[in-house]
Amino acid sequence: MLSLTALVFLPLVGMLVCWLLPSKHARVVNIVFSALVLLLSVALWAQMDVGAAGYQFEQTASWLPGIVSEEGIQYHVGLDGLGLSLVLLTAFVTLVSAIASWKIEKQAKGYHMMFLLLLTGMLGVFVALDLFLFYVFWEIMLLPMYFLIGIWGGPRRQYAAIKFFLYTLFGSVLLLAGVILVVLKTGSWSIPEITAQAQAALAAGEAGGILGSTGLCLAAFIGMFIGFAVKVPCFPFHTWLPDAHVEAPTPISMILAGVLLKMGGYGLIRIAYPFFPQAAVDSGLVISILSTIAIVYGAFVAMAQTDFKRMIAYSSVSHMGFVTLGLAAGTAWGINGAMYMMLAHGTISAMLFMIVGVIYDRAHHREIAKFGGLAWVMPKYFILASIAFFASLGLPGGSGFIAEITTFVGAFNGPHRIWAIISLLGVVLTAAYYLRTLAKVFLLDTPEVYKDAAKFPDLSAREYAILVPLALVTIYMGIVPATAMDMVKGFVEGTLVPMLGQAAGGAGQ
Amino acid sequence: MDLTPIIPAIELTVGIVAVIVLDLLGRGRYPWLTTGVALLALAGAAVSACLQPAASVDGGAETVLGVLQLDRFAVVFTVFCCLTGFVTVLATVRGEAFKTPGGEFLVLILSAVLGMNVLAMSVDLVMLYLAFELVSIPGYVLVAMRRADARSNEAGVKYVLFGAVSSAIMLYGLSMVVGLASGTSLAALSEAIAAGHVTSQPLWIVACVMIFAGFAFKISAVPFHFWAPDVYAGAPASVAGFLAVASKAAGFLALIRVVGATTSGPVAAAADPLTAFLPDGGVLIGIIAIAAVLTMTVGNLAALRQGEIKRLLAWSSIAHAGYLLLLLATWSETSIAALLFYLVAYLFMNLAAFLIAGIVIRECGTGELSALRGMGRRNVGISVALAIVMFSLTGLPPFFGFAAKLQLFYAVFDRGYVWLGVIGLVNGVISLYYYARVLSYLWFHDAEEEPAPSLSLSLFDKVFCAVLVLPILGFGLFWADAWGWAQEVARDFPLIGGGR
């Protein structure tokens, strides 16, 4: 039973069960299957040799033979530490989001079926080792997401849904162009095999890389980079994010921020960078500049928001800038930090969106300026919100701190030091807007409305069940970074950093 | 003379005569009988095309009267058109136009299919032109069949005027080619071009432009596409589907034959993929490349603003013609296979789309997209089917449309024309907007907003939809065999002229 195939397709079984049972049971089915996925992924973790190089639990089956090469497209899945860390994150965030979906009443059956389909897509992306399979999972995710935002979202949901869909598809087709070029020249669909070819090309000192031409490599890298950058999202491809995150229902915002954004970073680390190390190193400066803009500009825009949820959405743009900043540095610290940022941001942002959801359920608005003094009426909520806020602004003890300091050290020691220094401004700004919001919403002058404890009950058991685990993981990751760091190290330090180092060395000579 | 290659054509002709006679004798009182005979003729033609002895298919050299030749390509297209005709007849039985199609409708569909069958086998320019007209003329009448409907009449007139002009232009172009090649057969043309004294003449460029104009009308390529939206909107949905699929496929088939005769082999792969501009393969290929880019871009951009489903599908089919033209512009064995593969995907997607459009129009009395409002909640099955079709048309996995697009762009990138591929891919993104907009009407409106009546669907409707939609899913996940088969057919296709 303990196989990746079972893990990936378990939610599809759940979808079928959902379909067969009456609508009122759909939410239970969703939670049960999300919990099973988490259990299964923890079981995989227990069985896995996390530090080992290469992929474990590999499964290969012939799928579409004869497409391009003799063996063609294969059903090929496998897991290494890097994939495991994101699979665990996905399973965890999805389970808490499934619990957060309890109160969805509109067309509940459809909602939970789409939710489970989304889970299959996300898990599939992190375990696929065949480019075609990867792309299929990557795209399959868009379909449920389009409906989840479009049907169950806020007032501007139609606009947000189509904008999300168009942006990501635009990225996807550029990614597809890159994939076709790679497959055409290498004759393989297998991600590990193409990575090996790229390593061989580096070792042989071939400037042309896997495509046999520097220009073509750069073009394919740019295509793939944009494809993944839309998801990350990098400046200037981030404009879909505030709309999608704000209009999506709370649990979907949690998944969007907690998991979907990580697929972009994952794609860069697993595919774009190892396939085109030379092009990646050559575009390091541009990517550093874009990242710094994302960090600082994202923080400024977040500061200017009056809508609570929108502010958090922009804080994601700012934080995800650290991911690309660390990557662009090409150092072990930088890329480890980028990965850690993704994991940390996964839980923190899910928590933040839940916190907005909690208050929106009670107050029916999200205007920061209209809130005040909530700490007195909802003290437990205040404590959990503070944990999330402080973790997000990078206070030591939370996972955000580890992520930021690691990324920063990595970027500082990389070739684009000046941009790393400028990006520190973002950290200060982040602290400013979080502290200001915390003070305004929870501490300062209380309007009469918020003194009515009947209208503003403190957290319910269900909300505890969502926020407390997220908080615990966030703190755990802040105190014991080694658990998650060891997972990502294997691929980053074993494969990617040496490749980038070689490429950078070659350019220097 | 061996007449086996024209057995399907004979069967179709017998079917036509039988339908006319039965309709006259029965004074139109037995529509099920005439419909049955027509379906039988179509099925029979498809089956006997498949059952052609291998010798007469693979031999290739043997021709009937020197103008018809049954190669595997012709077999495939015959089956393709018979299938489309079959679906169209069935869809019309239940469609919005006439509950029971009259005998004349069946005769016209059968004649058009007969024309396509002959077209598929033509290796002679005169025969090609005659077959082309045999496809077109029933089309004009089919569009205008709803005599009481002013829009239908207008569409018919528009179609016949545009058609007549473009036919004339094409015929003029063909006459120049016949003069240049000093013969009417494609083999003669191919030889003359190989000898090198044709392509150097200025007249050749004029002839190419004119011939392409004729084909462009048939496949609704820019700038000869203006008729399509009006005609599709005026025609019954099932007929529009027939025109969009069979008529377009026929145009592509003839274009493949002619391009094959004028090129001396595959388009050379670009030396530098990043700077390569127009494919290097002669005047006709160059014209086609530009037309491809224009067609898909104009089609997609115009479709963005459509509010009526048949009009939207018309512009979408224009855009798809652009994608298909990309494959002719990057002429090679792989691209022929991809073209065939794409056409099969296109067949299922468009027939299903027009079928569902027909059902909606039948039930709601209008094809406005706003009539779809809230349908997703009331008619879940057909809405999901429509969603699959729309996503497949966009080219999203795991649907057939994606597999077809992957092979299409693979073939384009294989020749090294990166910019053509990227423009095509970005066009797919544009198209998402209008396909997804259809779906947003189905689901994204709250129940309070003017609840529309539920569609009453018969079991026949549901099964019919399912039969057309299931292949879109099935081939979307498992298309290796289908692709292998397309490659095999393409391998048999003589890249150079009809003579080889």
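Which residue, with a positive phi, follows helix 17 of chain B? That residue is Gly416(B), with a phi near 90°.

The model is predicted: local features need pLDDT of at least 70 and side-chain atom pairs count only at pLDDT 80 or more, whereas totals for chains, interfaces and linings use all residues. Residues are numbered from 1 along each chain as its sequence is written, and chains are lettered from A and ligands numbered from 1 in the order in which they are written.

**Chain B**

The secondary structure of chain B consists of 20 helices and 0 strands; helices (H or I, at least four residues) and strands (E, at least two) are DSSP runs, numbered from the N terminus. Along the principal axes, its C-alpha atoms fill a box of roughly 70 × 60 × 40 Å.

Of the 500 residues in chain B, 62% are buried. A residue is buried if 20 or more other C-beta atoms, placed from the backbone, lie within 10 Å of its own. Helix 17 (residues 400-414) of chain B has 14 of its 15 residues buried, so it is largely enclosed by the rest of the structure.

**Nonpolar core**

The largest nonpolar core has 428 residues; such a core is a set of buried Ala, Val, Leu, Ile, Met, Phe, Trp, Tyr and Cys residues joined through C-beta atoms within 7 Å. Helix 14 (residues 333-364) of chain B gives the most to this core, with 24 residues. Leu119(B) is among the residues with the most contacts inside the core. Beyond its neighbours within four places in sequence, the contacts of Leu119(B) include Phe132(B) and Leu253(B), a contact meaning C-beta atoms, placed from the backbone, within 7 Å.

**Contact between the chains**

The contact takes 30 residues from chain A and 26 residues from chain B. Helix 7 (157-186) of chain A is one of the helices that each supply at least two residues of the chain A side, and its 13 residues are the largest share of that side. The residues of the chain A side divide as follows.

| Class | Residues of the chain A side |
|---|---|
| Nonpolar (Ala, Val, Leu, Ile, Met, Phe, Trp, Tyr, Cys and Pro) | 23 residues |
| Polar (the others, Gly among them) | 5 residues |

Technical notes: A residue is buried if 20 or more other C-beta atoms lie within 10 Å of its own, exposed if 12 or fewer, and partly exposed in between; C-beta atoms are placed from the backbone. Two residues are in contact if their C-beta atoms, placed from the backbone, lie within 7 Å.
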